[in-house]
Amino acid sequence: MTENKKKGRILSVLWAGCVLCLLGTGTTAAYLTSWDQEENLVSVGQNTTEIIEEFPDPTPVPVEENPEYTKKVSVANKAEGKNGSQVDCYVRMSIGYSHSDIAKGIIWKDLDTENWIYGKDGYYYFKTPLKEGESTTPLFTGFMIDSSKVDSSYLELIPEFEIQIYEESVQADGFSDYEQAWSAYHASV
């Protein structure tokens with residue numbers, strides 16, 4: 001084979017390789033620069049809960065007569081914003097007192113132990129999830145203060161005594177029951 005033919009073949013192969021590289025580069029560049037635009041149709045759900053208290057003004061009763069008070073406490077999953085944006089949720093409540101010595105004399109009326117479970121952490125857990133616009137059953141319907149269980153030095157403070165209610169909620173979706181939902185909540189905190 002002559003030197004010119006050899007050079008011609010080498011140049012032909014190099015030329016074909018360059019053409020293939022240019023074709024491949026154009027296709028790759030077109031693939032990597034292609035884009036499209038879509039509107040995100042996902043919306044954020046929310047759970048907005050509130051404490052509902054029915055607590056009529058009590059009639060003054062002497063402390064020695066162990067006053068009994070009507071007070072219903074429940075939680076509602078409020079319907080707010082656009083329809084469908086409210087998610088099902090599990091709720092829990094804790095009860096605090098303005099004076100721990102007076103709290104020793106509290107006796108709850110109609111404490112609901114069927115729908116509410118008292119946990120080791122001091123919270124009452126509502127067992128079923130609340131849908132938008134639903135409310136829990138009342139945790140209790142009232143209370144009385146047994147003055148015999150309150151140290152006599154604190155009896156005069158009973159009229160200022162307060163019961164504080166605190167509630168929290170967590171999304172129910174993806175969990176089979178309230179225990180699983182709250183366990184996942186505690187694991188993420």
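This is a predicted model: local features need pLDDT of at least 70, side-chain atom pairs count only at pLDDT 80 or more; totals for chains, interfaces and linings use all residues.
**Entry 1: the three-strand sheet**

I looked up the sheet that contains E5. Three strands form this open sheet, ordered E2-E8-E5, and the pairing is antiparallel. E2 (68-70) and E5 are at the edges with a single partner strand each, so one side of each has no neighbour in the sheet. From one strand to the next the twist averages 25 degrees.

I then checked how E5 meets E8. E5 and E8 (residues 142-145) are antiparallel and pair over four bridges. Within this pairing I found Ile-106 opposite Ile-145 of E8, and Ile-107 opposite Met-144 of E8.

Next I asked which side chains of E5 (residues 106-109) are buried. Ile-106 and Trp-108 point to one face and are buried.

**Entry 2: Asp-110**

I looked at the loop between E5 and E6, where Asp-110 is found. Asp-110 is not a glycine, yet its phi is positive, at about 50 degrees. Is Asp-110 buried or exposed? Its relative accessible area is 55%; the cut-off for exposed is over 50%, so Asp-110 counts as exposed.

**Entry 3: the four-strand sheet**

I traced a further open sheet, of four strands in the order E6-E7-E4-E9, with antiparallel pairing. Its edges are E6 (116-118) and E9 (163-171); each has a single partner strand, so one side of each is left without a neighbour in the sheet. The twist here averages 25 degrees from one strand to the next.

Ile-117 stands opposite Tyr-125 in E7.

**Entry 4: salt bridges**

I searched the whole structure for salt bridges, and the search gives six. I followed some of them up.

Lys-131 and Asp-88 meet through their side chains in a salt bridge, at 3.4 Å from N to O. The pair links distant parts of the chain, 43 residues apart: Lys-131 is in the loop between E7 and E8, and Asp-88 is in the loop between E3 (72-77) and E4 (89-97). Lys-131 is partly exposed at 45% relative accessible area, and Asp-88 is partly exposed at 30%.

- Arg-92 to Asp-121: the closest N and O atoms are 3.6 Å apart. Arg-92 is in E4 and Asp-121 is in the loop between E6 and E7, so the pair ties together parts 29 residues apart in sequence.
- Arg-92 to Glu-168: the closest N and O atoms are 2.4 Å apart. Arg-92 is in E4 and Glu-168 in E9, 76 residues apart, and the pair links distant parts of the chain.

**Entry 5: the largest pocket**

I looked up the largest pocket, which holds about 320 Å³ of space. It is lined by 16 residues, and those closest to its centre are Pro-58, Tyr-69, Ile-158, Pro-159 and Phe-161. I sorted the lining by class and got 13 nonpolar, one polar and two charged residues.

Technical notes
Residues are numbered from 1 along each chain as its sequence is written. Side-chain values use heavy atoms; hydrogens and water are left out. Buried means under 20% relative accessible area, exposed over 50%, partly exposed in between (1.4 Å probe, protein chains only). Helices (H or I, at least four residues) and strands (E, at least two) are DSSP runs, numbered from the N terminus. Two strands pair if DSSP finds at least two bridges between them. Axes are lines fitted to C-alpha atoms, for helices over the stretch in contact, and angles run from 0 to 180 degrees between N-to-C directions. On a 1 Å grid over the protein atoms alone, a cavity is a set of points where a 1.4 Å probe fits but cannot get out, and a pocket is an open set with protein on both sides within 12 Å along at least five of seven lines; lining residues have an atom within 4 Å of a point. Grid points are joined across faces, edges and corners, and a volume is the space filled by probe spheres set on the points. Ala, Val, Leu, Ile, Met, Phe, Trp, Tyr, Cys and Pro count as nonpolar, Asp, Glu, Lys and Arg as charged, and the others, Gly among them, as polar. A salt bridge is a side-chain nitrogen of Lys or Arg within 4 Å of a carboxyl oxygen of Asp or Glu.
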